[in-house]
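The sequence and structure are shown below.

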Amino acid sequence: MSAATRRLTTAQALVRFLAAQYTERDGVRHRLVAGTWGIFGHGNVAGVGQALVEYGDVMPFHQGRSEQAMVHAAVGHARHLNRLSAQAVTTSIGPGATNLVTGAALATVNRLPVLLLPGDYFASHAADPLLQQLEHPSEADVSVNDALRPVSRYFDRINRPEALLASAPRAMRVLADPAETGAVTLALPQDVQAEAFDWPEEFFADRVWRVRRPAPDPEELADAVRALRAARRPLIVAGGGVHHGEAEAALEALVDATGIPVASTQAGKGSLRHDHPADLGGIGHTGTAVADDLARTADLVIGVGTRYSDFTTASGTLFQDPGVRFLNLNITAFDAHKLAARALVCDARAGLTALTGALSGHRVPSSYEDEYRAGRARWEETVRAALRADDENAVPTQTQVLGALDAVVGDEDVVINAAGSLPGDLHKLWRSRSPRQYHLEYGYSCMGYEIPAALGVQQAAPGVPVWALVGDGTYLMNPTEIVTAVQEELPVKLVLVQNHGYASIGGLSESVGAERFGTDYRHRAADGTFTGAPLPVDLAANAASLGMDVLRAKTVRELREALSTARAATRPTCVYIETAAGDAPGAQAWWDVPVAEVSARDAATGARARYEQAAADRRHHL
């Protein structure tokens, strides 16, 4: 080996390279790839697996149980650290690799960084076809890993060792770029992983990827200021970009100076504390009445770090003022130009700070402030009623479970959820006390995200109480990482809500004329009808069998006591509660789920009539 090179396998070189990568923003440095999750099989055990053993002193390893869950854990970690640090995930070839696709889609949809390292076929085709290899009859260079291409922001197959010299830095650039980040895939043929090469020493030198805070263009800023000064009923829609850009204080400064109210998406909730006088809570289909009422009459909507999903816009029916216009502040030009908006393409903190300075002396009409503050007060009464339990000895409803949790958590706690009926209740009712407390994955709304994401957040924030809120349907999708929590001694807290079925999709099914078909967990009689008896499934026992401490609660009082015990626990702990039926505040805006245009069933024809009436309010903001 010459003085200028180091002879290593491709996998060894990759691990050493990853250990030397850093991000830096505002003078604070982070490991770009803080650790690697892995499940080993043929395709990565002899390559990446051996390299992780060799360099365990510089690359922490976490053993997962489900490939999809490992990606969710890495995504949770990256989100909690504002995308400044990521984790890698390595798998075998075949099903191990294809199990990454859902997690990769979730990461890319939510603009969150994760590095995927799936094993692949032999680049040499020396052993062909391999066990678990998909043979394509006309394209020999295709493998199942190509399924990751459409859900990755960057993809490469490393067919020769030296290809890594160009591809690895490109992959790091995408991971660290706030405008381009998402899932990054380096597919690793297993023979290339084990092949040795003389690597330049420069490849292993520490490298810092500075995360930029691009300032707004002066002309775009001037145009935005003119629009804001002319608006009489402006409304800020805070998205996840506020958190990713650590722009919460800048947003509060703008709001305090101008009086402009703030409604938040699922990803943006907590951009203002819940008790700030200008915080209206969630917006859109799962939003609050006060936020949605103001959205319908807003003449200027200022989107900050949002991509305007259909839940946020109520499928194009929410913003109804005839002259409404949009001003979008976003680091990603793709999102900044949505809804024919005036675009302010810049970092969230830099842009908000510039707006505050340029709007010196400007404030919305006092009558407008009085109006939204009165609406806030009315909605707070709705929240109190939904969270309150008058009978401490009664079985709690789902919203009363949230009320009990609200009474126990501190400002530093993190509450994680992703799918089912809980996201709607949380968006409308949860009182966010800090920027990092509310962790809802709703870009992909992936059942099974919550438990593994809690592991990733707990790794990112040791000592912070981390809660995964899970319904029975979601729990059955992906409970496996409980074992990992036990193995790694991560004291995550699981709140397992048993309501014997898919409550959210069941309600949606009923509303669109599908009559809750296939959404219940009940016995079927011989003729196919339901008997009404719930299945004899004990999810609490299942969680205990996987190594969790389990606290069963039956009443509101027992639930509150169990939550307090769980919060203080130093081991992974589950609080299990069966809930009673209860009415949460309904949807305050529409959501487009197409209904059968023709049907012989009354439920479907009635649903179609309601659908057509609601869809008539859709607008194309051009």
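## A proline and its distant neighbours

Pro214 is found in the loop between strand 11 (207-210) and helix 8 (218-230). Helices (H or I, at least four residues) and strands (E, at least two) are DSSP runs, numbered from the N terminus. At a relative accessible area of 31%, Pro214 is partly exposed; buried means under 20% relative accessible area, exposed over 50%, and partly exposed in between (1.4 Å probe, protein chains only).

Across a sequence gap of 132 residues, the C-alpha atoms of Pro214 and Cys346 are separated by 5.1 Å. Leaving aside neighbours within four places in sequence, Pro214 is in contact with Ile331, Cys346, Asp347 and Ala350, where contact means heavy atoms within 4.5 Å.

## Basis of the model

This is a predicted model, in which local features need pLDDT of at least 70 and side-chain atom pairs count only at pLDDT 80 or more, while totals for chains, interfaces and linings use all residues. Residues are numbered from 1 along each chain as its sequence is written, and side-chain values use heavy atoms, with hydrogens and water left out.

## Overall dimensions and surface

The chain has 24 helices and 25 strands. Its radius of gyration of 25 Å agrees with the value near 25 Å that a compact globule of 622 residues would have. That radius is taken over C-alpha atoms, and the globule rule is 2.2 Å times the number of residues to the power 0.38. Along its principal axes the C-alpha trace spans about 75 × 70 × 55 Å.

Of the 622 residues, 56% are buried. Among contacts with a separation of 6 or more, 76% are between residues 24 or more positions apart. The accessible surface comes to about 24000 Å², and carbon and sulfur atoms hold 52% of that surface; the areas come from the Shrake-Rupley method with a 1.4 Å probe, and for residues only the protein chains shown count as cover.

## Charges and salt bridges

The mean positions of the 57 positive and 72 negative charges are 4 Å apart. Lys and Arg count as positive and Asp and Glu as negative, without His and the chain ends, and each charge is placed at NZ of Lys, CZ of Arg, CG of Asp or CD of Glu. Side chains of opposite charge can pair when their charged atoms come close. The whole structure contains 40 salt bridges, each defined as a side-chain nitrogen of Lys or Arg within 4 Å of a carboxyl oxygen of Asp or Glu.

One of them joins Arg273 and Asp411 (3.3 Å, N to O). This pair links distant parts of the chain, 138 residues apart: Arg273 is in the loop between strand 13 (262-264) and strand 14 (279-282), and Asp411 is in the loop between helix 16 (398-408) and strand 18 (414-417). Arg273 is partly exposed at 34% relative accessibility, and Asp411 is partly exposed at 37%. A salt bridge also connects Arg567 and Glu412 (3.0 Å, N to O). Because Arg567 lies in helix 23 (residues 556-568) and Glu412 in the loop between helix 16 and strand 18, the pair ties together parts that are 155 residues apart in sequence. Arg567 is partly exposed at 25% relative accessibility, as is Glu412 at 45%. Salt bridges with shared partners join Arg25, Asp26, Arg213, Glu246, Asp347 and Arg349 into one network.

Arg296 and Asp293 form a salt bridge as well (3.1 Å, N to O). The two are three residues apart in helix 11 (residues 289-297), so about one helical turn separates them.

Thr265 sits in the loop between strand 13 and strand 14 and is buried, with a relative accessible area of 6%. Beyond its neighbours within four places in sequence, Thr265 contacts residues including Val237, Ile283, Thr306 and His427.

Glu369, in helix 15 (residues 366-387), is buried at 9% relative accessibility. Not counting residues up to four places away in sequence, Glu369 touches Gly259, Arg363 and Val364.

## Backbone exceptions

Most residues other than glycine have a negative phi, and most peptide bonds are trans. A cis peptide bond joins Asp128 and Pro129, with omega about 5°; Pro129 is in the loop between strand 7 (114-120) and strand 8 (154-157).

Arg111, not a glycine, has a positive phi of about 55° and lies in the loop between helix 5 (101-109) and strand 7. Ser445 has a positive phi of about 45° and is found in the loop between strand 19 (438-440) and helix 18 (450-460). Arg111 is partly exposed at 23% relative accessibility, and Ser445 is partly exposed at 28%.
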